[in-house]
Amino acid sequence: MNLSRLAELLPELLYPQVRDLAWTLLSPPLLNNASAPQRHPLAASRWAEHPDELADWLRLLDTQPAMLQAWLEQHNIHRLGLYYERLWQFALCQAPDVELLRANLPIRQDNQTLGELDLIIRDAEGVHHLELAVKFYLGLEHGDRSRHDHWLGPGSQDRLDIKLQRICEHQLQICSTACAQSVLSELTCEAIDSAFWLGGYLFQPWNADPKSPAGANPEHLKGYWLRQRDWPAFLSHHPDTRWQPQPRHVWLAPARLESAAIWQASDFDNWISEATTRSQARLLARMEADEKAIWTEQERLFLVPDGWPD
């Protein structure tokens, strides 16, 4: 499954949620190798074989985004991971030869919920149970960054090794339990294969030799991170650049903003001067303007508190 040649499509798209949808479908996974199989949800779709058809669908949706907007408004979505899942569900409902049998299927035993199955789909290769996740991990500056436990979420509560363990040893195993088999038998009598798909970004520590976690996809999306106290030194290496904070709900597709939405340099300087009072990591995007005065993201970094990750 290789849709990477459609990467040039993203700058063409204007509607933010269509851009997020395109990023969701086209961005590479974080890992190439893991202890459980990975599978792109559209792996057996006609869109995978004929990516120009997928591009045409996304371009049309960008001119008529009401259907996507209505789909997303059916649920009150506050978490980025749920938004990511809903984008996948929308695409799978629209794919010409994929059937979304169920999404977020709860599995219960003795009045206790064992978990939810993110996706049950049918395509030309059979029936599949897929678990989805989108993650943003920062590699520790000390120690061995090839180890999965050296990659933490921006809030330092999440870790790559813990996430993989939960996916591979819990979420993917639920499908084989007797209670899950009983529920799934009402959907299909076919054998069901389980796999996962993990998208997102890996952020290397600024001013350190890059090293990726074991099994990382060489084409994974990447950025940098630095502590608030290091911002002046970092900026001295990047003079005359424009940076803009990115709220969590727009962390998927690269930012694309009109001039009116771009902060003035003084606004950003004031924001940076107040950074020492913040206890949360913040995502920044370096923006550049094109000949039409449209500003697009060129790179991204996390600015974290001086005490991170404690």
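Start with the whole protein chain in cartoon view: this predicted model contains 9 helices and 10 strands. The chain has a radius of gyration of 21 Å, close to the 19 Å that the globule rule gives for 310 residues, so it is as compact as a globular protein of that length. Turn the model along its principal axes, and the C-alpha atoms fill a box of roughly 60 × 45 × 35 Å.

Next, show the contacts within the chain. Of those between residues at least 6 apart in sequence, 67% join residues at least 24 apart.

Now switch to a surface. The protein chain exposes about 15,400 Å², and carbon and sulfur atoms supply 47% of that area. Colouring by burial marks 48% of the 310 residues as buried.

Then select the charged side chains. The protein chain has 28 positive and 42 negative ones. The centres of the two sets lie 3 Å apart.

Select residues 160-174, which form helix α6, and pick out Q165 within it. Is Q165 buried, partly exposed or exposed? Its relative accessible area is 45%; because buried means under 20% and exposed means over 50%, Q165 counts as partly exposed.

How far apart are Q165 and S35 in sequence and in space? They are separated by 130 residues in sequence, while their C-alpha atoms are 8.8 Å apart in space. A distance label drawn from C-alpha to C-alpha shows this pair on screen.

Definitions and conventions:
Residues are numbered from 1 along each chain as its sequence is written. This is a predicted model: local features need pLDDT of at least 70, side-chain atom pairs count only at pLDDT 80 or more; totals for chains, interfaces and linings use all residues. Side-chain values use heavy atoms; hydrogens and water are left out. Helices (H or I, at least four residues) and strands (E, at least two) are DSSP runs, numbered from the N terminus. The radius of gyration is taken over C-alpha atoms; the globule rule is 2.2 Å times the number of residues to the power 0.38. Buried means under 20% relative accessible area, exposed over 50%, partly exposed in between (1.4 Å probe, protein chains only). Contact means heavy atoms within 4.5 Å. Accessible areas come from the Shrake-Rupley method with a 1.4 Å probe; for residues, only the protein chains shown count as cover. Lys and Arg count as positive and Asp and Glu as negative; His and the chain ends are not counted. The place of a charge is taken as NZ of Lys, CZ of Arg, CG of Asp or CD of Glu.
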